[in-house]
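Hi,

Here is the structure I promised to pass on. Have a look at it first, and then read my notes below.

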Amino acid sequence: MEDTTNYLFHISKKVWKDTCNMYFKISSGSLRNYLQFYPFSKMTWNDKQYLMNDKFYSKYIKNGAIVQFTDVMRITDNYLLKKDGSFRDATLLSPILFLVLQAIGKEISLKYQNTRSTQIATYYSGNYSSMNAKYSKEYSYFYRECKRCATKYDYFIKTDISSFFVNINVDKLIEKIKVNCNDSVQLNQLKIYKEFLQYCGKGRFPLVENSIASSYLATVVYLNDSDNRLVDYLTNNLNIADFKIVRYVDDLYIFSNEFDIRSFHKIRNKYSSYLKKEDLAINSEKTKFLRSDELENEIKTSFYGEDQIEIVDDSDLNLNNIGDRFLQFLKSLNDLLADNELDYKEYKKIIDSSFKSDSNLVPDELFNKIIYDKKINSGATSVYQDPYILSELSKLIAYDDFFWVDPKRLFIMFLNTKDGKLIKPILSMLGKKKAEEWTFYDLVMAITYLTHRRTSFRNFYSHIYNIDHNLATYLDYDYTGNFKSQFESVAINNLITVTDADITSGWISYYLYFESIIEYSKNNILTSYAFFKNYFDRTTANIDFYFDENKRKRTKRRGRKGKGSIYSGYYKKQQLQKVYRILNKQNETDEIISKANDLRNDNPLSHAAAQLLLDIDNPSEPKTEELIATMRSLFKLLVELCNYYINKRYN
């Protein structure tokens with residue numbers, strides 16, 4: 001196994017390539033259904049080969065040099081809807097950052113020692129063992145296991161966790177990784193993982209669309225202890241001899257012939273107590289005691305809905321009357337709008353009544369099939385060519401305020417017609433609204449149009465920017481055959497070349513820079529500055545020694561310990577000023593470095609004087625802005641010094 005000790009994120013070459021390949025083999029049609037996957041849908045074959053190339057891995061992934069690229073480290077909000085129309089606390093990662101997160105999850109899974117009881121069958125969204133990035137197969141396994149248990153046992157208890165992902169305690173998660181990896185994960189590695197997870201989640205555990213890492217860590221790792229406690233309670237306290245637990249992420253089904261209403265209350269209360277120890281809470285409304293013949297309806301009720309686009313199992317579906325069901329749905333929707341009675345509850349009712357099926361598909365799945373399945377929504381046999389269906393869709397356009405109830409699916413429904421007479425009025429409705437009048441539901445529609453039509457969003461740019469300028473930047477980036485451009489900065493690549501010359505500890509420079517970014521994202525400017533100043537000092541020493549052969553020879557003779565360390569003295573003002581005088585603008589560089597060192601000496605994280613504690617919130621002494629401006633000036637000096645030596649060497 002590859003030794004990743006001196007790698008920033010401890011990602012091996014094999015894991016990186018396997019992770020990339022897992023996502024690159026997903027069809028472009030599936031990728032366009034998700035905003036997080038949107039950049040991957042625009043990748044060319046050359047893009048994929050570039051990211052999986054040994055050179056790319058060695059230069060940018062191994063030591064963590066990616067942290068120095070702004071486009072790579074970009075994070076914004078993702079607008080994922082819940083069933084009730086509210087938005088999830090989800091983040092949207094740059095494509096490279098997303099792949100790094102999944103690779104970290106894979107590395108943890110390889111070291112993690114599973115201690116979960118064999119009484120529990122556990123499934124999550126995707127599978128690291130089979131390197132399957134899509135949830136549908138795992139959900140199908142979960143569904144079949146529940147049905148198998150329902151034939152063996154008479155009763156089941158179904159539990160659910162309230163706001164699961166956002167309440168995961170990252171500190172406790174990291175401790176669980178440490179314990180269950182038998183200390184095979186180093187302490188500095190655990191710290192980096194913690195910081196990275198919180199960065200991806202904007203300070204919390206990351207809820208990221210289609211992230212296997214998030215689902216695996218939340219399900220397999222975080223819930224391990226509470227699940228084992230529950231098994232122990234059932235076995236040793238309630239003396240239940242025969243039972244089976246089946247989990248899919250936070251949905252838990254407990255099957256047995258020995259349950260009654262008294263045992264249900266005991267189990268619910270005990271399990272709630274176990275969850276409390278993990279900073280989680282049981283969802284009482286969704287926790288039930290039922291007969292096994294009610295399983296089918298319960299699973300249909302618990303279906304993830306619009307989140308689950310892939311079809312689980314439609315092998316026994318009769319497609320002959322699917323158009324009739326769709327027509328019934330559209331007529332019912334028009335009736336609701338005519339009576340001014342549309343809300344989430346009524347909308348769910350018409351989906352359930354219109355798409356009720358004798359097959360394995362729940363109503364939401366069948367609706368998804370009509371929306372997303374190309375066998376149904378495209379070609380000569382498309383249900384969207386039916387004149388009665390087109391007529392009902394035309395009636396819907398008169399009600400321009402109904403999309404909020406299900407903006408993504410309902411808009412795709414119209415896009416599937418490929419009929420400009422139906423689509424243009426919707427686009428016109430969005431365009432005529434002033435930017436400040438747009439809601440998040442309008443934003444979801446605009447995103448849907450962009451991802452499914454693979455078209456420019458220039459007409460909506462100002463509107464999207466007004467709501468979320470970071471999202472506008474994410475969408476504005478041209479990923480088509482253009483992944484390389486994220487890494488084309490000559491200045492950054494020059495710094496990477498110098499840093500990587502220290503093959504054993506070059507990752508430390510990236511660690512310092514990474515920590516500075518992390519703290520800056522938390523608005524901890526004092527901490528961010530402390531890390532950045534150390535990064536500046538260390539990188540200055542790297543540049544100085546990289547281009548000065550005499551210094552390298554002297555250091556090699558003395559060795560790298562004690563007085564021989566190349567970093568000795570490079571925090572001192574006089575030493576730094578001496579290095580940068582070669583740029584021939586001594587007054588400017590001396591002033592920048594003098595100010596930088598004064599701020600360092602006043603920083604309570606670097607020096608006992610701690611004067612910045614008194615000045616940081618003083619409106620007459622805007623130290624926060626000064627700290628940020630100084631970091632930018634120092635980085636500019638690093639770039640100029642590196643470029644000076646490179647130009648001197650090669651010109």
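Let's start with a strand pair: β4 (residues 155-159) and β6 (residues 251-256) run antiparallel to each other, joined over five bridges. Within that pairing, I157 sits opposite I254 of β6. Before you go further, keep in mind that this is a predicted model.

Those two strands belong to an open sheet of five strands, in the order β3-β5-β6-β4-β7 and with mixed pairing. At the edges you'll find β3 (120-123) and β7 (288-291), each pairing on one side only. On average, neighbouring strands in this sheet are turned by 20 degrees against each other, ignoring direction. Helix α11 (residues 224-237) lies across β3, β5 (243-248) and β6, and runs at about 160 degrees to β5.

Now for the aromatics. How many aromatic pairs does the structure hold? The count is 63. One of them is F37 with F98: the ring centres are 5.9 Å apart and the planes stand at 80 degrees, so this pair is edge-to-face. It ties together distant parts of the chain, as F37 is in the loop between α2 (28-31) and α3 (38-41) while F98 is in helix α6, 61 residues apart. F37 is buried, at 3% relative accessibility, and F98 is buried too, at 0%.

Another pair, Y513 with F635, is tilted, with 6.2 Å from centre to centre and 45 degrees between the planes. Here too the partners come from distant parts of the chain: Y513 from helix α25 and F635 from helix α31 (residues 623-650), 122 residues apart. Both Y513 and F635 are buried. There is also a cluster linked by ring pairs, made up of Y123, Y139, F142, F156, Y248, Y253 and F255.

Next, a few helices. Helix α6 also holds Q102, which is buried at 0% relative accessibility. Leaving out neighbours within four places in sequence, Q102 is in contact with T19, Y23, Y128, S211, I212 and A213. Helix α6 (95-111) turns up again around α4 (residues 45-52), where the buried residues are covered by elements including α1 (13-24), α5 (54-61) and α6. The buried residues in α4 are D47, Y50, L51 and M52.

In helix α18 (residues 387-397), I389, E392, L393 and L396 are buried. Why do they line one face of the helix? Seen down the axis of α18, the buried residues fall within an arc of 100 degrees, so they share one face. They pack against α14 (322-338), α19 (407-415) and α20 (420-432). On the other side of α18, P387 and Y388 are exposed. At the start of the helix, a side-chain oxygen of D386 comes to within 2.8 Å of the backbone nitrogen of Y388.

Last, two asparagines to look up. N210 has a positive phi of about 60 degrees although it is not a glycine, and N523 has one of about 65 degrees. N210 is in the loop between α9 (187-200) and α10 (212-222), whereas N523 is in the loop between α25 (506-521) and α26 (525-547). Are they buried or exposed? N210 is buried, with a relative accessible area of 18%, but N523 is exposed, at 59% relative accessibility.

Cheers

Conventions
Residues numbered from 1 in each chain as written. Predicted model: local features only at pLDDT ≥ 70, side-chain atom pairs only at ≥ 80, totals over all residues. Heavy atoms only, no water. Buried < 20%, exposed > 50% of the residue type's maximum accessible area, 1.4 Å probe, protein only. Helix = DSSP H or I, 4+ residues; strand = E, 2+ residues; numbered from the N terminus. Contact = heavy atoms within 4.5 Å. Pairing = 2+ DSSP bridges. Axes fitted to C-alpha atoms, helices over the stretch in contact; angles between N-to-C directions. Arc of directions from axis to C-beta. Polar contact = N/O pair within 3.5 Å; in protein donor to acceptor, adjacent residues only side chain to side chain. Phe/Tyr/Trp six-rings, centres within 6.5 Å; stacked < 30°, edge-to-face > 60°.
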